[in-house]
Amino acid sequence: MELLRRGLGRGCIVVSLLTFMAACTLWGQADQGAITGTVKDSSGGLVQNAKVSLTSQQTNLQLQTTTDQSGVYTFEPVKIGRYTIQVSAPGFQSLTQTGLELHVAERLGLNLTLQPGNQQQIVTVAADAAPLLQTEDASTGQVFTTQEINDTPLNGRNWVFIAQLSAGVAASNGSRGQGNGDFVSNGTRATQNNFILDGVDNNSNAIDFLNGASYVVRPPPDALQGFKVQTADFSAEFGHSAGAVVNASIKSGSNQYHGDLWEYLRNDALDAVDLFSTFKPKYRENQFGGTFGGKIIKDKLFFFVDTESNLIRQGLAASFYSVPTAQE
């Protein structure tokens with residue numbers, strides 16, 4: 001397990017409040033995403049002025065729009081999470097699509113087909129798996145979901161190391177930032193990567209004088225909703241540097257209370273004595289924390305908080321030295 005001496009006795013607390021906001025297509029979506037598509041009838045004709053509503057399964061937040069003359073609807077920006085979309089138009093059966101999952105910085109394309117009938121008739125469809133080919137966004141990269149973050153063994157619980165599993169990415173060479181997960185992307189330097197947390201610049205301008213990494217704040221992996229590593233052809237809104245973009249988003253509260261507690265322990269009582277040593281040096285490490293989120297006002301105001309600390313108590317190991325005798 002990696003030694004995190006600079007984290008000795010120090011915790012990191014991040015609080016996130018999610019409130020209702022009106023969607024505006026002029027806002028950036030660095031830590032959010034978009035859902036767009038076309039509404040057609042069974043013959044392939046475009047359906048204009050169809051009512052489209054998008055509902056969050058976690059907060060019941062509902063956004064509404066109508067299709068334009070080309071039958072296109074767009075919701076942007078949208079907080080990442082799971083959604084249900086419903087479409088209705090005169091002369092057609094209403095259509096409800098459930099189980100949509102939007103990831104950070106993703107532009108999800110969803111084309112819908114309406115069948116002739118009465119609007120009171122509702123057809124419900126469960127969303128299929130994510131498409132193998134992303135046609136709405138030209139960037140290359142990889143999304144890491146909450147489950148993938150939790151299922152990946154992490155040295156020191158540092159989720160930045162997971163970014164090294166992306167295509168075109170390799171571990172950083174040299175001592176600076178290497179032990180903190182820094183990496184090189186497509187031949188660029190590790191200091192040319194762009195770290196973003198909840199849409200905010202998270203890059204260190206004094207790498208050698210902080211925690212040795214190119215980023216500043218590193219939430220515990222349990223607090224992340226997900227993150228995306230984009231290595232090429234990303235949007236102009238990420239015009240910070242020539243390397244990769246590591247875009248992370250912290251979990252938000254919902255109508256259901258949720259959280260977790262953890263502690264990871266290392267103790268010299270569990271260690272074996274090193275070869276040629278007569279005793280075991282003292283080493284006791286406790287890495288602990290928790291997350292908690294929920295509602296303040298149902299369907300209106302939510303909260304999420306996380307904290308993590310790492311305490312290390314370490315003694316000196318036995319050393320052997322050869323010294324010259326008096327005659328020598």
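Predicted model: local features only at pLDDT ≥ 70, side-chain atom pairs only at ≥ 80, totals over all residues.
Next, the aromatic pairs. There are eight of them in the structure. In one, the ring centres of Tyr257 and Phe292 are 6.0 Å apart and the planes are at 5°, so this pair is stacked. Tyr257 sits in the loop between strands E17 (245-250) and E18 (258-267), while Phe292 belongs to strand E19 (residues 283-297), so the contact ties together parts 35 residues apart in sequence. Elsewhere, Phe144, Trp159 and Phe227 are linked by ring pairs into a cluster.

Now the sheet. It is open, has five strands in the order E11-E16-E17-E14-E15, and its pairing is mixed. E11 (140-145) and E15 (200-201) are the edge strands; each has a single partner, so one side of each lacks a neighbour in the sheet. Further in, E14 (residues 194-197) runs parallel to E17, and four bridges join them. Phe195 stands opposite Val246 of E17.

Last, the cavities. Searching the whole structure gives two of 30 Å³ or more. Which residues line the largest cavity? They are Trp159, Val160, Phe195, Ile196, Leu197, Asn202, Tyr215, Val217, Arg218, Val246 and Ala248. E14 and E17 are the elements that give two or more residues to this lining, and E14 has the largest share, with three. By type, the lining residues are nine nonpolar, one polar and one charged.

Methods
Residues numbered from 1 in each chain as written. Heavy atoms only, no water. Phe/Tyr/Trp six-rings, centres within 6.5 Å; stacked < 30°, edge-to-face > 60°. Pairing = 2+ DSSP bridges. 1 Å grid on protein atoms, 1.4 Å probe; cavity = no way out; pocket = protein on both sides within 12 Å on 5 of 7 lines; lining within 4 Å. Points joined across faces, edges and corners; volume = space filled by probe spheres on them. Nonpolar A, V, L, I, M, F, W, Y, C, P; charged D, E, K, R; others polar.
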